[in-house]
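Please open the model in your viewer and keep the selection panel at hand. The tour below goes from one selection to the next.

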Amino acid sequence: MKTLFSIIFLLLILTIGEATALAAPSVDRLLQEQITAAPLESKPVVITFDHKPTNADFLFLKSLGIMGGQVLRELPIILTKINANQFNVLKTKSGIRSLYANHIFRAFDSQSNKFIGVSKLETDSEVTTRNGGLPVSGKNIGVAYVDTGIDATHPDLKLGENVVQNVIFPTAEVPLNLPPEFIPILPVENQPMTDIEGGHGTFGAGVLAGTGAASGGFYRGVAPNAKLVGLTAGNDAGLSTFAIVQALDYALVTQFLYNIRVCNNSYGTTLADYPYDPLDPINTATRMMHDRNITVVFAAGNDGEGTDKINPFSVAPWVISVAAGEKQGLGTPAGFSSRGNDNGTGTDTPGQPADEFASPNLRPDIIGSGVDMKSTRSKGPGVTNIAGTIPLFVGANDLSTIPPAFLPFYTTSQGTSFSTPQVSGVVAMMLEANPLLTPDQVVTILRQQATPMPYEERVVGAGYVDAHNAVRAALNLAAVPHPANLFPSNDPNAPQIVDPTDDQLGTTAQDIRQGRFVYDAASNQVIYTLTLADLSVRTPNMRWTMTSKFGATDVFVTASVDETATTYKYGKITYLATGTRNQQTLGAVDSGVIQDNQIIIHLGLDKINAAVGTNVLGTTSTGTKAQSQILIGSSLSGGLLLNSDAASGSDFALNGQPNPEPTPTPTLTPTPTVTPTPTPTPEPTPTPTPEPTPTPTPQPTPTPTPTPVNETGKFEERYSGTMNTGQNISEIAFSVRRSTLDAQINQNYGNQELVLELLDGNRNLIATAVNKKIALNGLSNGTYYYRVRGNTNRAVDFTIKSSQGR
């Protein structure tokens with residue numbers, strides 16, 4: 001009887017083999033190497049079938065001695081472990097698509113909303129009308145966020161609000177401790193804190209859907225009303241295949257529960273290390289998501305220039321691949337952003353359902369903001385949470401670029417990891433505007449509406465993401481001008497720097513509009529002209545800097561306002577023994593003046609030559625940058641210089657005498673998608689970060705009353721200060737130029753009571769904040785004061801968000 005049973009069992013196994021497809025499985029190179037190196041040991045394996053595993057499949061695996069593992073619910077995948085003998089049988093078994101090792105993939109670490117048109121989108125009346133009277137914000141669009149987890153205790157990312165679910169997968173952390181039977185995965189849901197050892201996921205989630213609650217809306221994400229489903233797949237050490245496929249499977253299982261329409265992925269490797277295989281378990285999962293109408297977005301990678309540097313998961317025809325560039329100036333592609341092998345020979349639209357063997361495009365689809373990004377800081381330990389204090393890694397220092405009151409909640413980082421959620425946020429807004437869009441239609445619109453750039457597609461794809469036009473196209477509305485012109489001007493009289501309006505932290509006196517660098521042969525001077533939005537509202541302790549590189553040396557000029565005078569200096573960037581960039585002031589410039597809304601500085605070429613150590617006449621100066629700053633008082637530091645606005649631009653030549661009067665910049669017109677002209681890929685120069693300047697906390701003096709302007713348009717300003725112990729009152733003068741005013745105060749140490757009041761020019765009380773907010777209509781133009789009162793037992797940093805107009 002026993003012999004008969006064995007014969008029947010063997011016949012059953014043979015029958016199963018004959019009934020399945022004849023193609024041999026795709027075998028992972030790493031798994032083959034692991035098995036060969038240790039044939040007697042069991043190695044973790046991801047077995048992907050061409051069908052949902054059945055009882056017959058489990059019976060077959062047990063006949064080989066594979067007694068248990070994790071079975072995914074939607075994906076045709078089993079997570080288990082195998083030895084060499086079992087591997088040799090499985091690799092010839094029909095019905096199995098692929099056998100892959102448990103790889104560990106890297107998380108791609110290394111005021112963007114205005115730069116990509118989100119701010120204009122919010123005030124677009126046509127879009128708002130089509131959207132039922134509300135601005136498009138990604139409302140109720142579910143986004144599966146596969147990363148290191150999310151700190152859902154953060155004020156900007158609250159569990160139960162914009163984070164609708166936060167999940168960990170305990171079995172993913174210990175893949176070798178598998179169960180004795182084949183059982184489903186066991187996710188642990190509704191976890192307030194899943195970003196335990198990373199910070200990477202929390203930061204990216206804030207870029208996508210942070211509400212900005214801890215900053216009065218300043219550090220808000222692209223789609224603040226999207227609904228995040230946090231799926232933990234690793235930590236700063238990496239994300240494993242076992243964990244990733246469990247996370248993707250969970251997204252498919254809960255797709256309808258959370259209306260998941262987007263899946264964000266900021267991890268991966270390179271084509272060189274992991275060749276593209278459509279049968280790989282991750283590509284199998286993302287294709288299934290695409291076919292179920294989920295738009296999958298992937299980071300292109302942080303491996304820069306070279307062959308096979310791009311992330312293999314990002315090139316699948318059914319996903320969107322995102323490169324990274326600067327968030328200002330010409331949007332220059334980041335040096336770390338992975339380049340493609342070519343400009344594309346495959347397809348971006350594989351059909352619905354997708355053709356799994358469609359040829360991939362080995363290049364990015366689009367580029368987004370990924371340099372000097374500000375976003376949410378996790379409470380847990382991790383590289384992302386501290387990188388902002390080491391500007392060598394991320395290009396900017398938190399202490400000089402983030403207001404003190406916001407430092408506990410926000411930090412700085414960079415990478416395609418964070419340009420990717422920016423694009424995912426744009427996709428969420430497109431799907432809110434038009435829920436009927438398919439993934440193929442989404443990528444087509446994104447590429448058609450992208451802001452053109454003078455680079456090959458292998459570098460930037462179709463161009464810089466344009467949220468405004470992408471959403472308008474989703475609603476079948478006509479195109480409007482792109483948010484920026486990203487082509488350098490050939491006009492020698494055009495400004496090298498053009499910056500979006502209202503992207504500053506501070507007053508409009510710190511809102512950079514244009515920067516112009518001109519060599520005047522007659523005087524043998526470089527003339528620096530910085531145009532601001534409104535210099536009539538300048539206050540003491542403001543500073544503006546213009547910088548460019550001569551050879552290997554950065555030379556800068558500054559204008560600084562203090563309580564008694566405005567001074568103009570020049571210097572160069574040096575490096576301390578620690579590698580920190582340092583502004584070394586060398587002396588006074590030849591001349592400097594503020595005229596209307598322009599700062600004009602003349603610096604002799606002899607001084608530049610001395611700073612550089614060689615004659616620069618006849619050369620081209622590169623890396624033009626402009627920066628505005630303000631001193632923020634602190635009882636602990638005595639004051640620090642905070643970056644209010646920054647912009648970068650094109651090169652300028654020192655080889656003639658261009659017309660000192662600039663040629664007016666033409667109004668931008670809608671630009672159709674074009675094939676960018678191939679040019680060499682420039683490497684961006686990190687934005688100079690000045691060292692904090694310790695000075696006493698200033699008391700702002702009244703600003704002069706500006707000339708009344710037309711009652712049109714809305715603008716925002718922000719004021720920061722410190723209420724020291726025993727101080728009780730702090731006043732900030734500002735100018736009212738619209739009849740409508742809204743203000744809100746935010747502070748650290750929220751248990752310390754601060755009261756915000758509005759005073760007129762004679763310091764008469766007009767209004768007191770209710771729930772920390774003031775909202776008034778019918779104000780006359782002139783000088784007013786914000787007064788902050790409180791009796792604090794410790795120093796409290798505060799920030800006032802002030803907006804005027806409708």
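**A stacked ring pair**

Begin by selecting Phe652, which is buried, with a relative accessible area of 5%; bear in mind throughout that the model is predicted. With both side chains displayed, you have an aromatic pair that is stacked, the ring centres being 5.4 Å apart and the planes 25° from each other. Phe517 belongs to strand S21 (residues 512-520) and Phe652 to strand S31 (residues 652-653), so this pair ties together parts that are 135 residues apart in sequence.

The structure holds 15 aromatic pairs, and the next selection is Tyr100 with Tyr274, a tilted pair with 5.8 Å from centre to centre and 40° between the planes. Tyr100 is buried at a relative accessible area of 5%, and Tyr274 counts as buried at 3%.

**Two crossing helices**

Finally, select helix H15 (residues 416-433) together with helix H16 (residues 439-449), whose axes come within 11 Å and cross at roughly 115°. H15 and H16 are therefore roughly perpendicular to each other, and their crossing is right-handed. Which residues meet where H15 and H16 are in contact? On the H15 side they are Val423, Val426, Val427, Met430 and Leu431, and on the H16 side Val442, Ile445 and Leu446. The residues of this contact divide into eight nonpolar, no polar and no charged.

Definitions and conventions: Residues are numbered from 1 along each chain as its sequence is written. This is a predicted model: local features need pLDDT of at least 70, side-chain atom pairs count only at pLDDT 80 or more; totals for chains, interfaces and linings use all residues. Side-chain values use heavy atoms; hydrogens and water are left out. Axes are lines fitted to C-alpha atoms, for helices over the stretch in contact, and angles run from 0 to 180 degrees between N-to-C directions. Helices (H or I, at least four residues) and strands (E, at least two) are DSSP runs, numbered from the N terminus. Angles under 35 degrees count as roughly parallel, over 145 as roughly antiparallel, 65 to 115 as roughly perpendicular and the rest as oblique. A crossing is left-handed if the near helix is turned anticlockwise from the far one by less than a right angle, and right-handed if clockwise. Contact means heavy atoms within 4.5 Å. Ala, Val, Leu, Ile, Met, Phe, Trp, Tyr, Cys and Pro count as nonpolar, Asp, Glu, Lys and Arg as charged, and the others, Gly among them, as polar. Rings of Phe, Tyr and Trp (its six-membered ring) pair if their centres lie within 6.5 Å; planes under 30 degrees apart count as stacked, over 60 as edge-to-face and the rest as tilted. Buried means under 20% relative accessible area, exposed over 50%, partly exposed in between (1.4 Å probe, protein chains only).
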